[in-house]
Amino acid sequence: MSAFLTLLARNRLALGGLIVLCIVVLLALLTPLLPLKPPNVTDTASRFQPPFSEGALLGTDHLGRDLLSRLMWGTRLSLAVGFSAAVIAATLGAAIGIVAGYYGGRTDNVIMRGVDMLMAFPYILLALAIVAALGPGLMNALIAVAAVNIPFFARNIRGITVGIANKEFVDAAKLAGMSDAKIIVTEVLPNVIPVIVIAMSTTVGWMILETAGLSFLGLGSQPPVADLGSMLGEARSALITNPHTSVVPGLMILVIVMAINLLGDGVRDALDPRLKSGALSRPMPATMVRREGPIPQAQGDDLLAIRELETQFHVKDRVYRAVGGVDMSLRPGECVGLIGESGSGKSVTALSVMGLVASPPGVITGGAVYYEGRDIVGAPYETLRSMRGRRVAYIFQDPLATLHPLYTVGDQLIEAVSSHRRVGREEGRAHAIDLLKQVRIPNAENRIDSYPHEMSGGMRQRVGIAMALANDPEIIIADEPTTALDVTVQAQILTLLSDLRRERGLAILFITHDFGVVAQLCDRVAVMYAGRIVEEGPTDAILNAPAHPYTSKLMACVPELGGGRRRLEAIPGLPPAVDRLPDGCAFADRCHVATEACRTGDIPLDPHGPARRVRCINPVLAPKTEAAQ
Ligand code: ADP
Ligand code: MG
């Protein structure tokens, strides 16, 4: 709740709306206590007094009634009717929507067709018809306004409920034997209440206007009782001669509706978690770059060289150092593994290469990425776009999430090709079939017309690889491509990648959390922890003698086939949160050999024997060295 208020207060306009609304509501509540003249006493001797005249601050109307007093009482009435209508509409509408959405099927159909029928009428006509049937009067106007708004709430809430009713936690509640009524109250309702509040806060103003409209037409509050609409209606005939009688209630309506709408927008933004995290704001086409320090130079003639790369997420006043200075390189045709626990920054490193980290909140704050010797961090979007897919292609973990569900795999392959060069229909299709054959999809001529959901997980991942191969890239970055697959399919995909690499001279950056996979595929491996590389070197050397305590613990987590019975160790504790990284070694708290020295300063990635580097001041020594001592 307090977080909600802080968020709301940060939105200046919403805060302004809230303050104005509070003042108006407070005044309306206090009206009976204020020393005002009676609102309905006529005094024809002093008709149409201008504002600021003796005894009438806002003047008087055509019957000599005090406008200030009528305004206060009228505001009180209009607010009360508007809010009541909103509460009634929201309650009934939400109840209808929840029942329709939760039970679905025929119930849903009958209810929603009824709602559709109501929605088919222009709402003001419907309100007029209802008032005409019930007879004029403020109570009937309230009923009419509430009734015409019920469909809006019912539709909105039904949509949300349908989504929730199919969620696993609702299934779990059903399996636990909860009754429907209890599930609706404990599982569904808490999830739709924010939506109800949002819908209400954005429609209250509208309902006050509608009530005022009915009163203006003489169908709402009846003389002599004033509400804002009827005051406007009565002042109509004197609009030219005595404009103040219209301006006073008109301004009040404007102020109230503006305040409510500004506040409503603020409430929506503060309640919607997606808006909070900036996910609904349009991300920039490439990751934002704000490099402060000096830009590191390229060394050697690597195909891809990542130098001291730093990528952070700036969320409100927090800074998440997801990647904190990563050095890696990839030579043509080489396969490098990037390994680490979940959350260690592997994906963010990979996405930073082509500027694919979403901004906001992502920012590249330091370092460089050299592709064939050219720094591509902060390169113009057009440059990055022309390289994405054509020089560096990605394969992701879940192809079902990356393939479009409504297009055939053939169409998607052709699209991948045609985003970089013009291809005719026939040529594109032939190329797509060829790609499917390259990734060993049997019967490619027919499979090309399948939709993603018609394929198995392994086949889909092959399509994902075919997409990556579509434009003949030099580098493939594979982000846990086999994590979602079962072990036999995983082995097939790894074999395929390793064959493709040999056939086409591909360089592969292979991200995984599985040392077994690294051993099978990679020439070199880099171990990542809390956003930094902690150990790097040839795969064999590291597998035989891990130097960083983290590496050895990570390897101890992998079961070995034929390795006999042994206890599988889990690494105790959790990785540190990347917005609160400790001084010194980030692994110190979980390390069995950590000393005081490990907890201060910056621990460099030092050479460790030939072609290896390790970021540790007490590295585990290789068995051979130990023997020599
Ligand atoms: P993994 O190694 O599992 O691929 P990631 O690269 O996805 O890890 O994430 C690295 C770190 O960045 C994690 O600690 C994660 O919490 C953080 N992170 C990722 N995306 C965001 C984001 N949009 N906002 C804040 N933090 C993020
Ligand atoms: Mg990841």
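1. The shell around ligand 1 splits into six nonpolar, five polar and two charged residues. Here Ala, Val, Leu, Ile, Met, Phe, Trp, Tyr, Cys and Pro count as nonpolar, Asp, Glu, Lys and Arg as charged, and the others, Gly among them, as polar. A residue is near the ligand if one of its heavy atoms lies within 4 Å of it. Among the 13 residues around ligand 1, Gly343, Gly345, Lys346, Ser347 and Val348 come nearest.

2. A word on the model: it is predicted, with local features needing pLDDT of at least 70 and side-chain atom pairs counting only at pLDDT 80 or more, while totals for chains, interfaces and linings use all residues. Residues are numbered from 1 along each chain as its sequence is written, chains are lettered from A and ligands numbered from 1 in the order written, and side-chain values use heavy atoms, leaving out hydrogens and water.

3. Helix H12 (346-353) gives the largest share of that shell, three residues. Helices are DSSP runs (H or I, at least four residues) and so are strands (E, at least two), numbered from the N terminus. Strand S3 (318-330) also supplies at least two shell residues.

4. Now the polar contacts (pairs of N or O atoms within 3.5 Å). A polar backbone atom of Gly343 sits 2.6 Å from an oxygen atom of ligand 1. For Ser347, a polar side-chain atom lies 2.7 Å from a ligand 1 oxygen. With Ser344, a backbone N or O atom is 3.2 Å from an oxygen of ligand 1.

Conventions:
Polar contact = N/O pair within 3.5 Å; in protein donor to acceptor, adjacent residues only side chain to side chain.
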